[in-house]
Amino acid sequence: MAEPATATEAAAPAVALLKDELDIVIPTIRNLDFLEMWRPFFQPYHLIIVQDGDPTKTIRVPEGFDYELYNRNDINRILGPKASCISFKDSACRCFGYMVSKKKYIYTIDDDCFVAKDPSGKAINALEQHIKNLLSPSTPFFFNTLYDPFREGADFVRGYPFSLREGVSTAVSHGLWLNIPDYDAPTQLVKPLERNTRYVDAVMTIPKGTLFPMCGMNLAFDRQLIGPAMYFGLMGDGQPIGRYDDMWAGWCIKVICDHLGLGVKTGLPYIYHSKASNPFVNLRKEYKGIYWQEEIIPFFQQAVLPKDCTSVQKCYIELAKQVKEKLSKVDPYFDKLADAMVTWIEAWDELNPAGAAVPNGKAK
Amino acid sequence: MSVAIKDDEIDIVIGAVRSDLTSFLNEWRPMFSRFHLIIVKDPDLKEELKIPEGFNLDVYEKPYMDRVVGSSTSVLFSGYACRYFGYLVSRKKYIISIDDDCLPARDPKGFVVDAVSHHITNLTTPATPFFFNTLYDPFAEGSDFVRGYPFSLRSGVKCALSCGLWLNLGDYDAPTQALKAKQRNSRYVDAVMTVPAGSLVPISGINIAFDREVLGPALVPALKLAGEGKFRWETMEDIWSGLCVKVVCDHLGLGVKTGLPYVWRTDRGDPIASLKKEWEGVKLMEEVVPFFQSVRLPREATTVEDCVVEVANAAKERLGSTDPVFARAAKAMLDWVNLWKSVGYISSSSSAV
């Protein structure tokens, strides 16, 4: 049975890698108590808290963390009319944090995710593993049967061409979850007691041309390489769908990464996911998505980006165009989403003018 | 979730590259003894085979092979490729093939891994090549498809090939092993996964299983290096074969899985000696992989035989002039398909999905 580590078991690393180059983005609507357990691993880093829901509520941040916090009023103030692209009453609002960050790397985690233990009982420093994943190359052009060849104790197998062994830059590191697995509502309803207890000791590159369901619970990425494509869509209040924010972003970033020759890794690190959300609530949020994804997946599988899309923004605008062209007939929601995708890029470019180097935002 | 299969649907094919199989077979006895074994002796091996009692097996050696396929064709089966003769003469649905220097492995809890039963489970549960499941094999106990996995893709496709892995001596090439002389694979990755459609993979022949009825002659004894030898560091035949199989499977909508089960590969040979003797193989991969990545099979190729012939013709056309080894490989593939038609009793009847 998987168990989370306790606060005392997690030991701070000797060196906090990329301390000044990485922001931790956390969406929350309740509280941030979970940070106590992550303190040894997270304290050296700057946090960006995106407060969803009622902006008059005060979210208490545990002492000793360096952070900036944004609620809905801040989002509206900073983005003006463009704030319409940021979801309300859904953790998709976290992507606002990606936009305002000034760092090269982002790690995002849900507030019901705790420190997991590896099979030897040691507390897992998820952030450190994500950083290792991002700082070592990916290998999307040929599958390595011993998984990540850059890990300690592994390498490329016989038959792997030497010309492909340099790999490409890693844009995304997708971590996994012990205990409550990331199942959809129907699966949760059928298997309410299933827990993920299998620790798979591997990191691997998802091959070029292959899509995957990207979960935002335990995710890190290189904001400079792929940031503008990490839009988490229109979900929650006033929208016909929920729980597809990270999925949507995942399909977009994979198509773009494949086009730009960037890598996406999945596997370690694990976190311990403690809360199973209500499957009936989830079903209501997801059910349109379950039908729509049958159209959406072929759309992304067949999406081709023209050669002159050489930047992430250009790729994303082009994708938005294709979404409007090809998915609007599925539901008018996609028309709105395509517009929001364009708004997002406009907002991103406004807040992140090329070449500007700006210090962290201030805590409230 | 595996279907109950009868023991008589399985052949275990062992290519004997070394003559003394006593400890190999005794170690595998608990896993092998229920099944029929086909032992094929490397035609170049001079010593008598030493095989312990108590197995239900057939042994094939050079004289018989010459009679069945002709002495000019039996050259296809020298060295590690001798196992393909076993694939040819088998009459069973499933084949499991393990190198004769591999022993049963233990999992992290200390239990002995039953590689046979694991491979069969892989082959009898669906593969999911069209969309990556982040929790790996959704049909494994305690696992499932994750949120966002399209429901229409959840029934999967037939798994035609199962590639296992190796603890201790990993299947590295000679330069890599020579550079990291002490490196041994001690990481037990508790997962099986489908290699996505469109993605190529170096399929090692050390520990594999496949559905013979479905794949037929898709595994090909074709690429024989000029300096091919009796250590895996001196061969690439399985890599070529595996690339061919993956292209065929992708075209016909069949699945290829990789991961568990592990076998324990004993230390044997010297990578530096192998490297000095045979390094062409490593260079040739620079041509081989782009070739297979670019192969496109026509819609009319609806059987495995058709597909293999197409790949062979493409290899002759595009690689034949690069290196004579490729022209020979292409010819070997065509010879093999013909052999399969005349000698391989169960004809494969897979059609495009």
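Buried, for today, means under 20% relative accessible area, with exposed being over 50% and partly exposed in between, using a 1.4 Å probe on protein chains only. Hello everyone, and please keep that one in mind.

A word on where the numbers come from. This is a predicted model, where local features need pLDDT of at least 70, side-chain atom pairs count only at pLDDT 80 or more, and totals for chains, interfaces and linings use all residues. Residues are numbered from 1 along each chain as its sequence is written, chains are lettered from A and ligands numbered from 1 in the order in which they are written, and side-chain values use heavy atoms, with hydrogens and water left out.

Let's begin where the two chains meet. Contact here means heavy atoms within 4.5 Å. By that rule, 59 residues of chain A are in contact with 57 residues of chain B. The size of an interface is often given as the accessible area lost when the parts come together. Between chain A and chain B it is about 5,000 Å², and carbon and sulfur atoms give 57% of it. Which three residues supply more than any other three of the area that chain A buries against chain B? They are F143(A), R158(A) and R198(A), with 17%.

Now for charges across that interface. Side chains of opposite charge can pair when their charged atoms come close. We call it a salt bridge when a side-chain nitrogen of Lys or Arg is within 4 Å of a carboxyl oxygen of Asp or Glu. There are 10 salt bridges between chain A and chain B. In one of them, D155(A) pairs with K180(B), and the closest N and O atoms are 2.5 Å apart.

Which elements of chain A build its side of the interface? Helices (H or I, at least four residues) and strands (E, at least two) are DSSP runs, numbered from the N terminus. β6 (170-179), α5 (185-190), α7 (245-260), β9 (263-273) and α8 (279-302) of chain A each bring at least two residues to the side that touches chain B. The largest share, 6 residues, comes from α8(A).

Next, salt bridges in general. Over all chains the count comes to 47. Take D74(A) and R77(A), whose closest N and O atoms are 2.9 Å apart in a salt bridge. Both lie in helix α2 (residues 72-79) of chain A, 3 residues apart, about one turn of the helix. Is each one buried or exposed? D74(A) counts as buried because its relative accessibility is 7%, while R77(A) counts as exposed because its value is 59%.

Other pairs reach much further along the sequence. In chain B, D101(B) forms a salt bridge with R268(B), at 3.0 Å between the closest N and O atoms. This pair links distant parts of the chain, 167 residues apart: D101(B) is in the loop between β4 (94-98) and β5 (102-104), and R268(B) is in the loop between β9 (255-265) and α8 (271-277) of chain B. Both D101(B) and R268(B) are buried.

D267(B) and R184(B) also meet in a salt bridge, 2.5 Å from N to O. They are 83 residues apart, with D267(B) in the loop between β9 and α8 of chain B and R184(B) in the loop between α5 (174-179) and β7 of chain B. D267(B) is partly exposed, at 44% relative accessible area, and R184(B) is partly exposed too, at 28%. Elsewhere, salt bridges that share partners join R158(A), R83(B), D99(B), D171(B), R232(B), E237(B) and D238(B) into one network.

D118(A) sits in the loop between β5 (113-114) and α4 (126-135) of chain A.

Last stop: L165(B), in strand β6 (residues 159-168) of chain B. L165(B) is buried because its relative accessible area is 1%. Not counting residues up to four places away in sequence, L165(B) touches residues including T145(A), L146(A) and Y147(A), along with N207(B) and G259(B). L165(B) and R265(B) are 100 residues apart in sequence and 9.4 Å apart in space, C-alpha to C-alpha.

Notes: Buried area = accessible area lost by both parts, 1.4 Å probe.
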